[in-house]
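Let's take a walk through this structure, picking out some charged pairs and a bit of its surface.

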Amino acid sequence: MSSALGEPNAITIAWFLVFIGLSLGITIWASRKTRSADQFYAAGRSVTALQNGLALAGDYMSAASFLGIAGLVALSGFDGLIYSVGFLVGWPIVMFLIAEPLRNLGRYTFTDVVAFRLRQVPIRIAASVGSLAVVSFYLIAQMVGAGNLIRLLFGIPYEFAVVIVGAVMLAYVLFGGMIATTWVQIVKAVLLLAGASILALLVLARFSFNPLALFAEAAARYGANVLAPGRLVNDPLDAVSLGLALMLGTAGLPHILMRFYTVPDARTARTSVGYATAFIGFFYLLTFILGFGAMVIIGRESITAFDAGGNMAAPLLAEGVGGTPLLGFIAAVAFATILAVVAGLTLSGAATLSHDLWVNVVRRGHADEREQLVVARGA
């Protein structure tokens with residue numbers, strides 16, 4: 001299959017420039033409102049439940065969710081769903097066990113809560129090391145994804161692509177803080193849900209809007225086992241272990257937990273998780289359609305020819321059902337997805353370094369607003 005992937009085209013570049021322009025416009029607007037540490041870390045605690053729900057969904061629906069799970073389903077069939085189901089099941093835990101106490105006891109980070117009743121310095125150091133390790137590994141994976149995506153779409157060197165992503169993301173966080181990050185995530189969530197919905201509808205249109213016909217076609221082409229579990233994870237202990245890791249891992253991500261400080265009270269925090277769960281659940285249902293759609297319409301051989309891990313399944317599917325214009329839009333959405341998540345991760349890492357380590361360990365709580373803001377931006 002021939003594809004425009006890897007060759008620069010005007011439509012893709014136009015969509016990228018529109019999103020970058022919109023994002024930087026939000027950052028300029030947010031920079032005028034970001035004057036204190038409270039506004040930098042927590043958007044002045046003025047975010048509504050619906051806004052925070054969309055931002056949580058935007059923060060969570062990463063490139064791994066969009067590109068990775070669609071590719072996993074395309075190559076592994078039904079078993080690819082273990083990741084999306086595992087991620088989703090973590091959200092009720094966040095809603096019922098974490099959101100309210102976190103908002104009531106903390107100030108800016110999760111570490112505030114665990115340090116509340118324990119010895120401040122050792123707990124903050126230990127929790128910060130854990131948070132920074134999670135942020136670093138997550139950040140590396142997102143940046144690798146961004147570099148590969150831009151390399152394939154624009155035909156520019158991978159290293160240069162990573163530098164571009166880093167520069168744009170730093171502009172969001174440095175100048176706009178949590179206010180800019182929140183609105184970039186809201187815009188990205190709306191774009192991603194819209195793009196995935198359009199793509200899923202175009203796929204289903206080829207099968208008379210009957211998902212069962214799509215699954216039957218996949219089974220006819222690749223065998224009935226694509227609809228059966230056990231091909232990707234066939235040991236029961238491995239399945240339970242992976243499921244628990246996905247479920248509990250969701251409840252411990254620093255950039256997700258930080259979002260609960262942006263709302264005015266605990267009730268709003270809990271409500272925002274309800275919204276986020278609905279948006280994320282709907283999105284993961286769509287990835288199932290996208291994965292099987294790519295498997296049938298594009299074919300596994302064509303997908304792995306572009307990327308051995310199948311991560312380009314969704315962009316290739318967009319091109320297959322909607323041509324270059326839809327490829328350009330979906331590619332820009334995938335880029336927006338990475339950029340928004342990277343901005344959230346960077347802000348979370350900056351909060352850990354400045355609030356937890358500098359203010360509460362080095363300065364023992366004696367740092368004014370201006371000093372906190374300078375250290376956060378430096379971090």
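**Salt bridges and a surface patch**

R124 is buried, with a relative accessible area of 5%; buried means under 20%, exposed over 50%, and partly exposed in between, using a 1.4 Å probe and protein chains only. This is a predicted model, where local features need pLDDT of at least 70 and side-chain atom pairs 80 or more, while totals for chains, interfaces and linings use all residues. Residues are numbered from 1 along each chain as its sequence is written, and side-chain values use heavy atoms, leaving out hydrogens and water.

R124 pairs up with D112 in a salt bridge, with 3.0 Å between the closest N and O atoms. (That term means a side-chain nitrogen of Lys or Arg within 4 Å of a carboxyl oxygen of Asp or Glu.) D112 is buried too, at 7% relative accessible area. Salt bridges with shared partners join D112, R124 and D356 into one network.

The structure holds five salt bridges. Another one joins the side chains of E100 and R270, at 2.1 Å from N to O. E100 is partly exposed at 31%, and so is R270 at 30%. Then there's R363 with E371, whose closest N and O atoms are 2.8 Å apart. Here R363 is partly exposed at 35%, whereas E371 counts as buried at 18%.

What about I11? I11 is partly exposed, with a relative accessible area of 35%.
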